[in-house]
Amino acid sequence: MRILALFFLAALAVAQAPSSFQPVGNMSQLMIDMIYPTSDAIFYVERAPPTNDREWGALRATALTLAESGNLLMMDKRARDQGDWIKDAKLLVDVGAAAYKAAQAKNLGAIVALNEQLYTACVTCHQQYRPGYRRRQ
């Protein structure tokens, strides 16, 4: 019983340990420099579809960056809350990971099919957390 109690206390201490992650860019920089370009590459992939291994590799790297950017949004110092913010960021991770797998398989149709899921991930987050989103002045 004591071993179980010690294990529980150790697990609790690890869970409460401060994060060693240090954000470099602010939210605007992440959006402009990482998320917008990578999401646009997925949204508009049909404009210039990959035709060789090098282009497929670039699209795969783009999709991976998109997926990992969702993880960056969930960092302690960036997460606005533990509810919808995390849920929306996980949607971004999911669509990026699916695009990564589709790019690995060189499946353009599967990437195009992710557009609605990516659009939903972006819009639901922006509607809640981006002041003035889609409001005309």
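Predicted model: local features only at pLDDT ≥ 70, side-chain atom pairs only at ≥ 80, totals over all residues.
**Exercise 1.** Describe the chain in terms of its helices and strands.

*Solution.* Counting the elements gives 6 helices and 0 strands, and reading along the sequence gives the pattern α-α-α-α-α-α. Of the 137 residues in the chain, 33% are buried.

**Exercise 2.** Work out what span helix α4 should have, and compare this with the distance between its end C-alpha atoms.

*Solution.* Begin with the extent of the helix, which covers residues 84-104 and so has 21 residues. After the helix comes Lys106, which has a positive phi, near 55 degrees.

**Exercise 3.** Which residues of α4 are buried, and against which helices do they pack?

*Solution.* The buried residues include Trp85, Ile86, Asp88, Leu92, Val93 and Val95, and Gly96, Ala99, Ala102 and Ala103 are also among them. The buried residues of α4 pack against α2, α3, α5 and α6.

**Exercise 4.** Determine how α4 is oriented relative to α6, and describe their contact.

*Solution.* First, the two axes come within 9 Å and cross at roughly 160 degrees. Because angles over 145 degrees count as roughly antiparallel, α4 is roughly antiparallel to α6. Next, the crossing is left-handed. The residues in contact include Trp85, Leu91 and Leu92 of α4, together with Leu118, Ala121 and Tyr129 of α6. Sorted by class, the contact of α4 with α6 has 8 nonpolar, 3 polar and 3 charged residues.

Methods: Residues numbered from 1 in each chain as written. Heavy atoms only, no water. Helix = DSSP H or I, 4+ residues; strand = E, 2+ residues; numbered from the N terminus. Expected span 1.5 Å × (residues − 1). Buried < 20%, exposed > 50% of the residue type's maximum accessible area, 1.4 Å probe, protein only. Contact = heavy atoms within 4.5 Å. Axes fitted to C-alpha atoms, helices over the stretch in contact; angles between N-to-C directions. Parallel < 35°, antiparallel > 145°, perpendicular 65-115°, else oblique. Left-handed = near helix turned anticlockwise from the far one by under 90°. Nonpolar A, V, L, I, M, F, W, Y, C, P; charged D, E, K, R; others polar.
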